[in-house]
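Please read the points below with the model open beside you. They are meant as a colleague's notes for a first look.

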Amino acid sequence: MKRPLITMAVVLSAGLALAQGAAGKKGAASASDAGTPAAEPGGSGKKTAPPARPQPPDVTKLPFTPDSIRMVMNYYSRDIQDCYEEILARKGSNVEEGRILTTFTISPDGFVRNAQVAKAGTTIKNQRLNECVVNVLTSITFPEPSDKKEHPIEYPFNLKAIK
């Protein structure tokens, strides 16, 4: 019997800070401020470093649920967005906004296996971007499934320039 494929969605756009959990926190930078030093209060004009990136979710303390998978993917969505922004910044790049559909398997030990960008369901066609996305996915660790089985995942990213 085949295991059901878990499908999730995330939208990366100007609302990236919301997906990252920064909304509603005092002093949180907006997505448009990411990577840009902020001026110190008081008008001295002196620049300060952008806020540090929070630590990844502690997968050893999370149950294996769709919500925990979504939480982990939301954290790493910044890295997927960085892949996209890097391709956009390349001279002569003609990559447009669109969708990347990824598929991978979460192993019984929580590691990602068989990560790939699905041709069907992907509107952004760029081999370098696909390789970067696969590299990010293979670096992710999820909570260990309590049933000690492999879990196929299908996860789309809607990418749009925000920097």
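1. Ile-106 has Val-112 in E6 as its bridge partner, and E5 and E6 pair in the antiparallel sense over 4 bridges; strands are DSSP runs of at least two residues, helices (H or I) of at least four, numbered from the N terminus, and two strands pair if DSSP finds at least two bridges between them. In the hairpin of these strands, with 5 residues between them, Gly-110 takes a positive phi near 90 degrees.

2. This is a predicted model, in which local features need pLDDT of at least 70 and side-chain atom pairs count only at pLDDT 80 or more, while totals for chains, interfaces and linings use all residues. Residues are numbered from 1 along each chain as its sequence is written, and side-chain values use heavy atoms, leaving out hydrogens and water.

3. The buried residues of H3 are Leu-129, Asn-130, Val-133, Val-136 and Leu-137, where buried means under 20% relative accessible area and exposed over 50%, with partly exposed in between (1.4 Å probe, protein chains only). Seen down the axis of H3, these residues fall within an arc of 125 degrees, so they line one face of the helix; the arc is that of the directions from the helix axis to the C-beta atoms. The face turned away from the buried side carries the exposed residues Gln-127, Arg-128 and Asn-135.

4. A search of the whole structure finds 3 aromatic pairs, meaning rings of Phe, Tyr and Trp (its six-membered ring) with centres within 6.5 Å, counted as stacked under 30 degrees between planes, edge-to-face over 60 and tilted otherwise. One of them, Phe-104 with Phe-142, is stacked, at 5.9 Å centre to centre and 15 degrees between the planes. Both Phe-104 and Phe-142 are buried.
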